[in-house]
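Trainee: I have a model open and would like a close look at a single part of it. Could you walk me through one residue and what surrounds it?

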Amino acid sequence: APFDPYYKWLGIPPDEQPASYYRLLGIAEFEADPDVIDGAAEQRTIYLRTFQTGPNAEVAEGLLNEVSAARVCLLNAEDSKQTSTLSWVVSDRKAL
């Protein structure tokens, strides 16, 4: 089976992919507290950086970009609930 970083690294099973930004960050859907969103994104970033020098460095870089996009989107959303309702998903990722 091909390597699935969403599952292996982030615990997001295939049936929950593509993941919402909330799921990508490992936080509850509709989370509106900017400190929670920022902290979760920071944790994911630190963890994913540990893979940047390994055999899946390119995949790690892609996930880091997705985490960054999720952080920016959720922190800049005027209404995080509306953002989630619109089902923001990571849709531009490369096929793995």
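Trainee: By its relative accessibility, what does Phe30 count as?

Mentor: Happy to! This is a predicted model, in which local features need pLDDT of at least 70 and side-chain atom pairs pLDDT 80 or more, while totals for chains, interfaces and linings use all residues. Numbering runs from 1 along each chain as its sequence is written, and side-chain values use heavy atoms, without hydrogens or water.

Phe30 counts as partly exposed, at 43% relative accessibility (buried is under 20%, exposed over 50%, partly exposed in between, with a 1.4 Å probe and protein chains only). Phe30 sits in the loop between helix 2 and helix 3 (helices are DSSP runs of H or I, at least four residues; strands are runs of E, at least two; both are numbered from the N terminus). Its phi is near 75°, a positive value in a residue other than glycine.

Along the chain, Phe30 and Leu74 are 44 residues apart, yet 9.7 Å separates their C-alpha atoms.

Aromatic pairs turn up elsewhere: a search of the whole structure finds 3 (ring centres within 6.5 Å, using the six-membered ring of Trp; planes under 30 degrees apart are stacked, over 60 edge-to-face, the rest tilted). Phe3 and Trp9 are edge-to-face, 5.2 Å centre to centre with 65° between the planes. Phe3 is partly exposed at 33%, whereas Trp9 is buried at 10%. Trp9 is also stacked with Phe51, at 4.0 Å centre to centre and 10° between the planes. That pair links distant parts of the chain, 42 residues apart: Trp9 lies in the loop between helix 1 (5-8) and helix 2 (21-25), and Phe51 in the loop between helix 3 and helix 4. Together with Tyr47, the residues Phe3, Trp9 and Phe51 form one aromatic cluster.

Pro18 also lies in the loop between helix 1 and helix 2. A cis peptide bond joins Gln17 to Pro18, with omega about -5°.

Stepping back, the chain has 5 helices and 0 strands, and 35% of its 96 residues are buried. Of the contacts between residues at least 6 apart in sequence, 57% join residues at least 24 apart.

Technical notes: Contact means heavy atoms within 4.5 Å.
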